[in-house]
Amino acid sequence: MSRIYRLFTAIIGVVLLISCGVQTDSNEPFVLSEDGGWCWFQDPRAVIYDGKLIVGTVAMGRYDSLRTGDVEALVYNIKSGETDRVELYDQLQADDHDSPVFHVRPDGRILTFFAKHGNENRFYYRISKPAAPTTWGPIQTYLPSESTMLTYSNLYRLKAEGNRLYDFFRGLDDTYKPSYVYSDDLGETWSTGNVFIDVPVKQRHRPYVRYTSNGTDEIHMLYTEGHPRVYDNSLYHIYYSDGNLHATDGSVIRSLEAGLTRPEEGTKIFQGDSNHVAWSVDLELDGNGNPCAVYSVQVGSAGLPPGQGGDDIRYRYARWDGEQWQDYPLAYAGTKLYSGEDDYSGLAAIDPDNPDVVFISTDADPETGDPLISQADGQRHYEVYKGITSDGGSTWAWTPITQNSSEDNLRPVVPQWTKEKTVLLWLRGEYRSYTDFSQDVVGRVLHNE
């Protein structure tokens, strides 16, 4: 990293400091990188450990062609405001699906996992020095099988299973299906599991899964039957515990090793149809360990060919109350992000420390659906809003985080931290496709009341 870049980020941090040394809730975001992007089907994309925020991105070579396809870790010192940019892999692939995920091990070392987007049979992983997220060991690889064509990574460790680490991904044995590998030595070595959600059809459907975990004995999954471009998705939930996959009410469906034979074996949250097509967005657990979900629904595009729908996307919020799923409208998500992917929204993130708080990206007023036309340039842009509910998700109060922007604000991420403070991250710029974007990686520290 250049000395100029480090000086620039340090100056930004100093400007935003308050006397206690922690960043204030300023309206101006701090800039972690002038070139980065991430997908939303891998997690944790950001972690906070020992006063440092570690964020994974893929660079597009926006200003420096030598960074095109670089897999990077952005390490932000929350107290000083200084950012270090660490290259995890040189020019792997210019694709935001390759963005890395992180797991903090009990010994203070951080494990990172990443992979190409469905055109290689291996994961890449590295392990940092203890409490040193800027210093990493050598690149290692693991092949789940020779015929695997994988993408995504989702890392979760279960203390009740002797600290077994799971990585959930897509594509074991070239199936395009949700799959897993596991490690019993904190990620030093790996073993191959199996496909755990099967779709027994001739067409190569791809169940899209979002994950979260209590870190002790459960890993939760929110999933669809396939890609919404080719299937009128419904939405389902299951969770893994003690070797088995369970319905939301706790009843055992089948072992993880055996997996689901049909998506419908899980607990259905939302019934899709040709005019209401669902896609999973985010999943967290509340203080009682119950799952809370945000998902999108493309409305009113029945019969339209790809590229001609996506003019009305809605966000919904669903929450298990201990007996059943309560499912509510959340907000207007606006229009599709780009032509050809009618279900791509600006996305949303649940605060993992307080699921009564949700951050959304939308180019429509969250409550009315009216287009958001910026006073800065007269154009329609995606803005980030904070939503708060006091009744479990039935009603929401919205506050803008960004407004009247001259660029889009997309794909919010909230890493787990404290109930008193929240780090909100997002991407600011232009998103043309998952292999073509020009975005800053920005964030704010919000002080909660």
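This is a predicted model: local features need pLDDT of at least 70, side-chain atom pairs count only at pLDDT 80 or more; totals for chains, interfaces and linings use all residues.
In which sense do strand S3 and strand S4 pair, and over how many bridges? Strand S3, residues 52-58, and strand S4, residues 71-77, pair in the antiparallel sense over 7 bridges, where two strands are taken to pair if DSSP finds at least two bridges between them. Residues are numbered from 1 along each chain as its sequence is written, and side-chain values use heavy atoms, with hydrogens and water left out.

Let me stay with the sheet for a moment. Strands here are DSSP runs of E with at least two residues, and helices are runs of H or I with at least four, numbered from the N terminus. The sheet is open and has 4 strands in the order S2-S3-S4-S5, with antiparallel pairing. Strand S2 (46-49) and strand S5 (83-89) stand at its edges, each with a single partner strand, so one side of each is left without a neighbour in the sheet. On average, neighbouring strands of this sheet are turned by 20° against each other, direction ignored; the axes behind that value are lines fitted to C-alpha atoms, for helices over the stretch in contact, and angles run from 0 to 180 degrees between N-to-C directions.

Some backbone details come next. The peptide bond from Asp-43 to Pro-44 is cis, with omega near -5°, and Pro-44 lies in the loop between strand S1 (30-33) and S2. Gln-91, in the loop between S5 and S6, has a positive phi of about 50° although it is not a glycine. With a relative accessible area of 37%, Gln-91 is partly exposed, the class between buried, under 20%, and exposed, over 50%, using a 1.4 Å probe and protein chains only. Ala-131, which is found in the loop between strand S8 (123-129) and S9, also carries a positive phi, near 50°, and counts as partly exposed at 39% relative accessibility.

Now to the aromatic residues. The structure holds 32 aromatic pairs, where rings of Phe, Tyr and Trp (its six-membered ring) pair if their centres lie within 6.5 Å, and planes under 30 degrees apart count as stacked, over 60 as edge-to-face and the rest as tilted. The rings of Phe-102 and Trp-136 have their centres 6.3 Å apart and their planes at 50°, so this pair is tilted. Phe-102 lies in strand S6 (residues 101-104) and Trp-136 in strand S9 (residues 132-136), so the pair ties together parts that are 34 residues apart in sequence. Both Phe-102 and Trp-136 are buried.

The pair of Tyr-208 and Trp-279 is edge-to-face, at 5.4 Å centre to centre and with 80° between the planes. Tyr-208 sits in the loop between strand S14 (191-195) and strand S15 (209-213), and Trp-279 in strand S21 (residues 276-285), so here the parts tied together are 71 residues apart in sequence. Tyr-208 is buried, with a relative accessible area of 6%, and Trp-279 is buried as well, at 2%. Ring pairs link these two residues into a cluster whose members include Trp-40, Phe-41 and Tyr-152.

Finally, which residues lie nearest the centre of the largest pocket? They are Pro-44, Tyr-156, Thr-212, Ser-213 and Gln-416, out of 41 residues that line the largest pocket, and about 1,000 Å³ of space lies in it. On a 1 Å grid over the protein atoms alone, a pocket is an open set of points with protein on both sides within 12 Å along at least five of seven lines, a cavity is a set where a 1.4 Å probe fits but cannot get out, and lining residues have an atom within 4 Å of a point. Grid points are joined across faces, edges and corners, and a volume is the space filled by probe spheres set on the points. S21 gives the most to the lining of this pocket, with 5 residues.

There are also 2 cavities of 30 Å³ or more, and the largest cavity has a volume of about 90 Å³. Among the residues that line the largest cavity are Phe-41, Tyr-152 and Tyr-208, while S12 gives the most to that lining, with 3 residues.
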